[in-house]
Amino acid sequence: MNKLLFLPILFFTLYLQAQDMKLPYHQIPDYPEDYGSGNLVSRMIDGLGYRYYWATEGLTVDDLNYKPSENGRTTLETLQHLYGLSLTIVNAPENKPNVRPMDFTIFSYKELREKTLFNLKKASELSLGKTAGEIESFKVIFQRGDKQFDFPFWNMLNGPIADAIYHTGQIVVLRRASGNPVNPGMNVFTGKTKEN
């Protein structure tokens, strides 16, 4: 390859990597000082954020369109669902209603990824350091038309947070099936990724 042509490609690749590094959860943050209620919730969200970051990093058009069967969701549809879950997760600490239905098809892959990661980061920050009593005041609120349904934060743990971890795992499997596995340097135990 001509060296003059190679340099712009190299700089563009480095620019894209630098942009990606600005997103939260390239690595998991340092753990909190104690095992308080809010810190545990925050850490669960951080673990999700780290997994999501690497599960969704570098997806191609083929990956986004891939689905395992005719009736299955594509990877892009799974990303849309995960974005909706991230909204539910970030809204609970502020007791904001989750208005449904919402159309998430208006967002590109890049927008879905960025918005989801920033929602998770904000939710983690809103939970960090909170007491059990403060966590108890967090409500999961769904609104359909003029009807509202409130649930305790317990439902967040077994519902949207666990569901988001589950679907993030699906993306890992789907991208492997479409020929683009996750970075093998990703380590969910340490929350750090070995660069190639």
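Analyst: A crossing is left-handed if the near helix is turned anticlockwise from the far one by less than a right angle, and right-handed if clockwise. This is a predicted model: local features need pLDDT of at least 70, side-chain atom pairs pLDDT 80 or more, while totals for chains, interfaces and linings use all residues. Residues are numbered from 1 along each chain, and side-chain values use heavy atoms, without hydrogens or water.

User: Which hand does the crossing of α2 and α7 have?

Analyst: Left-handed. Helices are DSSP runs (H or I, at least four residues), numbered from the N terminus.

User: At what angle do the axes of α2 and α7 cross?

Analyst: Two packed helices are described by the angle and the distance between their axes. Here α2 (residues 37–56) and α7 (residues 154–177) cross at roughly 20 degrees, and their axes come within 9 Å. That makes α2 roughly parallel to α7 (angles under 35 degrees).

User: Which residues of α2 and α7 meet?

Analyst: Contact means heavy atoms within 4.5 Å. In α2, V41, I45 and W54 are among them; in α7, they include L157, I161 and R175. The contact residues divide into 13 nonpolar, 2 polar and 2 charged.

User: Which residues touch the most other members of the largest nonpolar core?

Analyst: Nonpolar side chains tend to be buried together in soluble globular proteins. This core has 39 residues, and I45, L79, I89, F153 and M156 touch the most other members. Helix α2 gives the most, with 8 residues.

User: Is Y25 buried or exposed?

Analyst: Buried means under 20% relative accessible area. Y25 counts as buried, at 4%. Y25 lies in the loop between α1 (3–21) and α2. Its phi is positive, about 80 degrees, although Y25 is not a glycine.

Methods:
Axes fitted to C-alpha atoms, helices over the stretch in contact; angles between N-to-C directions. Helix = DSSP H or I, 4+ residues; strand = E, 2+ residues; numbered from the N terminus. Parallel < 35°, antiparallel > 145°, perpendicular 65-115°, else oblique. Nonpolar A, V, L, I, M, F, W, Y, C, P; charged D, E, K, R; others polar. Core = buried A, V, L, I, M, F, W, Y, C linked by side-chain atoms within 4.5 Å. Buried < 20%, exposed > 50% of the residue type's maximum accessible area, 1.4 Å probe, protein only.
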